[in-house]
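Open the model in your viewer and keep the selection panel at hand. We will go from stop to stop, and each one says what to pick and what to look for.

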Amino acid sequence: MRTKQVVVVGLAMLVVAAAAKAGPPAGGTISGKVTYEGTPAKMKPIDMSKEPSCAKMYTTPPLAETVVTGAGNSLENVVVYISAGAPDDAVPSTAAVFTQKGCRYIPHVLAFQVNQEIKIQNEDQTSHNIHPLPKINREWNKSQPPGTPAISEKYDKAEIFPVKCNVHPWMHGNFAVLKNSHYVVTGDGGTFSLPNLPPGKYTVTAWHESYGDQSQEVTISGSEAKTITFVFKAKPY
Amino acid sequence: MANKTIKKFCLNAAIALVLPFGLMAQLDQAPAAKPNPNEESHIGDLAGHAHAGAELYYRYCWGCHGARGNGDGENAPYVTPTPRNFVAAVFKCRSTPTGTLPLDSDLYNSIGRGFNFTNMPSWITLTAQNRADLVAFIKTFSARWVTEKPGTPIEIPAEPKLTIESIKHGGERYQKLECWKCHGQEGRGDGPSASTLTDSNDQPIRPYNFTSDNRSKCGKTNADLYRIFMTGLDGTPMPSFADVVKPEDAWDLVHYLRTLQYNNPSPELALWESTPEGKAIVAAKKVENTNTGSGIKP
């Protein structure tokens, strides 16, 4: 009798554990669009005259990228991610790449996971220094002359923070270090899509470098697609 | 008899179902690390203790560095650059690589030396034991000292013989590495990027002016100068060149930088001025009949 009970209990535990650990099935999707209301500040053209090797790469000076908008009041460079309700994901083996080209950062916002490798490369004719400015992670500052190998780094805590080059004061970017693989940085059109979400209650957060962040709760019960929108209040300055 | 068995079974099944979830929930929650109030410091044979350092801190340091050690003391609004924030634990003068914590001896030396061109005086008037105790107390402001070990100090090879070739090669490095972008062609701190520099708190900051004198931030010796560009001054625009400068080139650069400090007599400057080329370059830079001769060009 005792033995039978132990066996049953053991089996029950195994079944539960297996069900919990099993990879997520093709689940639900949360998608939508990020827009702004009000008048955003006008982006000024960047004066690169102090760095002729970069200035000559542009026929017209590029605009600053603090606020990038598109058709239909859409907002680019917004990090949309699951901030609660999803477990941490395994570290991807591919590196996220951050490029300095034309004395600008490509992409303007780089999103990647905790402990994922990032590779920073310099494709310009001038030296840059890479100076990410985290408050929770460790702050470092490295020089990267042209023709030197990519810098390989990683961050072990979730945080979103700016990156700058001190030599070229107009260069601004952001790193978003996230805990799971459910994230998107909006592009032209401001749309985002977070698929493969198992049933559960999720908090979706949208972060913009100038307009701050907002969160919404979304519940997925099966494999449905839910649509949400984020609307940021634009500042005229 | 059957009822009892069923009851027992249900109870066991309930426990079996709940237990794994309980365990997994626990694994998700890692408590945030807290600073250690009983930090110690070790500098050579000297051992410092935080509780002894606390008294000294609240007598001598908190006016600038703040009651909570985050650099917001009473004097802080009137002080440029702003006082060190011990909660952030990002330090300028280290023997360890960029992004890592300094050694206890780095902090000890900083307290004793003070920081030139800032409001941080030399505290050499305090005893060695006092300064060691202060180092221990400073570490109680940040949990970084609990979760991270200080970096491994960089290896500094023996300084090679001083030669004209070394100085000239250092000059080539200065050009190639684009030091002049901030420090200027003559090292006056007036390069094209100098006026836009800000530190990590977005406060304006000036690059070092080599022509001012010999008092650079982190000490007077050639090894101190070597360390500055091979570990970077964390929290400032000055990066680490450790990944892109070979140690022998680094020593050449140190020799060249000494010739930029033309108001500071040194073996490097003397050797440089003993050549016609070097003499002409230095003479062109020296400005006569000014208050300080410190390099203000008319």
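**Stop 1: a buried alanine**

Select Ala89(B): at 6% relative accessibility, this residue counts as buried. The model is a predicted one. Ala89(B) sits in the loop between H2 and H3 of chain B. Check its backbone: phi is near 55 degrees, a positive value in a residue other than glycine. Most residues other than glycine have a negative phi, and most peptide bonds are trans.

Stay in the loop between helix H2 (50-65) and helix H3 (104-113) of chain B, where Pro81(B) also lies. Show the backbone from Thr80(B) to Pro81(B). That peptide bond is cis, with omega near -5 degrees.

**Stop 2: another positive phi**

Now go to Asp202(B), in the loop between helix H7 (180-183) and H8 of chain B. Phi is positive here too, about 65 degrees, and Asp202(B) is not a glycine. Is Asp202(B) buried or exposed? It is exposed, with a relative accessible area of 58%.

**Stop 3: helix H4 of chain B**

Select residues 128-138 of chain B. This is helix H4, and it is mostly covered, with 8 of its 11 residues buried. Colour the buried ones: Arg131(B), Ala132(B), Asp133(B), Leu134(B), Val135(B), Ala136(B), Phe137(B) and Ile138(B).

**Stop 4: the largest nonpolar core**

Next, select Tyr174(B), Phe229(B) and Leu257(B). Of the 30 residues in the largest nonpolar core, these three touch the most other members. Four helices of chain B give two or more residues to this core: H6 (164-176), H8 (222-231), H9 (247-260) and H10 (267-273). H9(B) gives the most, with 7 residues.

Centre on Leu257(B). Leaving aside neighbours within four places in sequence, Leu257(B) is in contact with Tyr174(B), Phe210(B), Leu225(B) and Phe229(B).

Then move to chain A for a second, separate core of 24 residues. Its members include Ile130(A), Trp140(A), Cys165(A) and Trp170(A).

**Stop 5**

Which residues make the contact?

- From H6(B): Ser166(B), Ile167(B), His169(B), Gly170(B), Gly171(B), Arg173(B) and Tyr174(B).
- From H9(B): Asp249(B), Trp251(B), Asp252(B), Leu253(B), His255(B), Tyr256(B), Leu257(B), Thr259(B) and Leu260(B).

Colour this contact by class, and you find 7 nonpolar, 6 polar and 3 charged residues.

**Stop 5: an exposed alanine**

Select Ala158(B), in the loop between helix H5 (144-147) and H6 of chain B. Ala158(B) is exposed, with a relative accessible area of 69%.

**Stop 6: a cis proline in chain A**

Switch to Pro107(A), in the loop between strand S6 (104-106) and strand S7 (109-113) of chain A. The peptide bond joining Ile106(A) and Pro107(A) is cis, with omega about 0 degrees.

**Stop 8**

Zoom out and colour by secondary structure. Chain B has 11 helices and 2 strands. In sequence order its pattern is α-β-β-α-α-α-α-α-α-α-α-α-α. Chain A has 2 helices and 18 strands.

| Chain | Buried residues | Accessible surface | Share from carbon and sulfur |
|---|---|---|---|
| A | 46% of 237 | about 11,400 Å² | 56% |
| B | 48% of 298 | about 15,600 Å² | 58% |

In chain A, among contacts between residues at least 6 apart in sequence, 63% join residues at least 24 apart. In chain B, residues 24 or more positions apart account for 61% of the contacts with a separation of 6 or more.

Methods:
Residues numbered from 1 in each chain as written. Chains lettered and ligands numbered in written order. Predicted model: local features only at pLDDT ≥ 70, side-chain atom pairs only at ≥ 80, totals over all residues. Heavy atoms only, no water. Core = buried A, V, L, I, M, F, W, Y, C linked by side-chain atoms within 4.5 Å. Buried < 20%, exposed > 50% of the residue type's maximum accessible area, 1.4 Å probe, protein only. Contact = heavy atoms within 4.5 Å. Areas by Shrake-Rupley, 256 points an atom, 1.4 Å probe, with all protein chains shown as cover. Nonpolar A, V, L, I, M, F, W, Y, C, P; charged D, E, K, R; others polar.
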